[in-house]
Amino acid sequence: LGFSKKIAFILALLYGFATTAWHYSKTSFSEPTQSMSLLFTLYYAFKYRRNSNKLYLILSAIFLGLFILAKTANIFFLPVILFYVLYDKKAQKIELILRKSFLFLLTLSPFIILLLVTNKIRFNAFFVTGYEDVGKGFINISPYIFIRLFQLLFSFNIGLFIYSPILLISIFGIIDQSRELTMRSLLRSPL
């Protein structure tokens, strides 16, 4: 991606030791698969943006499919990745954008079909995912929602910033990127 080996080494150490990656690598949860799939999805999306090789677009879609299969909620990454892959500040013909979209979505479709079939087998419905009862009681508008949010971010039991302190530092990076106010910085922030 154009970075030096020193930067790559430092980032690998930060990822390994300053996030929950170490903990989840020893469990049988889906987080290691999700991390690997998202990493490769973004890697091939960046590579595709650099040289427009269709193979990178296909590989990005394949890894996005694996990412979605690992956890159904990851489907919300699809519009962000698709927009990142398709966006180009140079004026493109709509035909080219549609061709790239079609290739990306065609490559992704077997994974979506597999997910739908799996849902049908497990829950006897295509669009039931098992997450329907998860939000009940947690995502409700009440006076306690801000207390719960604070606990989710900072408590010693489940706090996201406690177990992944690198995320606190990333907030400064997002603020710095937002000062540019370019489409590139807007696309990188959710990723």
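The legends below describe close-up views of aromatic rings in a predicted model. Local features need pLDDT of at least 70 and side-chain atom pairs count only at pLDDT 80 or more, while totals for chains, interfaces and linings use all residues. Residues are numbered from 1 along each chain as its sequence is written, and side-chain values use heavy atoms, with hydrogens and water left out.

**View 1. Phenylalanine 40 and phenylalanine 63.** Seven aromatic pairs are found in a search of the whole structure. In this one the ring centres are 4.9 Å apart and the planes lie at 35 degrees, so the pair is tilted (rings of Phe, Tyr and Trp, its six-membered ring, pair if their centres lie within 6.5 Å; planes under 30 degrees apart count as stacked, over 60 as edge-to-face and the rest as tilted). Phenylalanine 40 belongs to helix α3 (residues 31–51) and phenylalanine 63 to helix α4 (residues 54–70), so the pair ties together parts 23 residues apart in sequence; helices (H or I, at least four residues) are DSSP runs, numbered from the N terminus.

**View 2. Tyrosine 44 and phenylalanine 63.** Here the centres are 5.9 Å apart and the planes at 15 degrees, so the pair is stacked. Both tyrosine 44 and phenylalanine 63 are buried (under 20% relative accessible area; exposed is over 50%, partly exposed in between; 1.4 Å probe, protein chains only).

**View 3. Ring cluster.** Phe40, Tyr43, Tyr44, Tyr56 and Phe63 are linked into a cluster by ring pairs. Phenylalanine 40 is partly exposed, at 30% relative accessible area.

**View 4. Charges over rings.** Arginine 49 lies over the face of tyrosine 84, 4.7 Å from the ring centre. The charged end of lysine 120 is over the ring of phenylalanine 126, 5.5 Å from its centre. A charge sits over a ring if NZ of Lys or CZ of Arg is within 6 Å of the ring centre and within 35 degrees of the ring normal.

Terms used: Helices (H or I, at least four residues) and strands (E, at least two) are DSSP runs, numbered from the N terminus.
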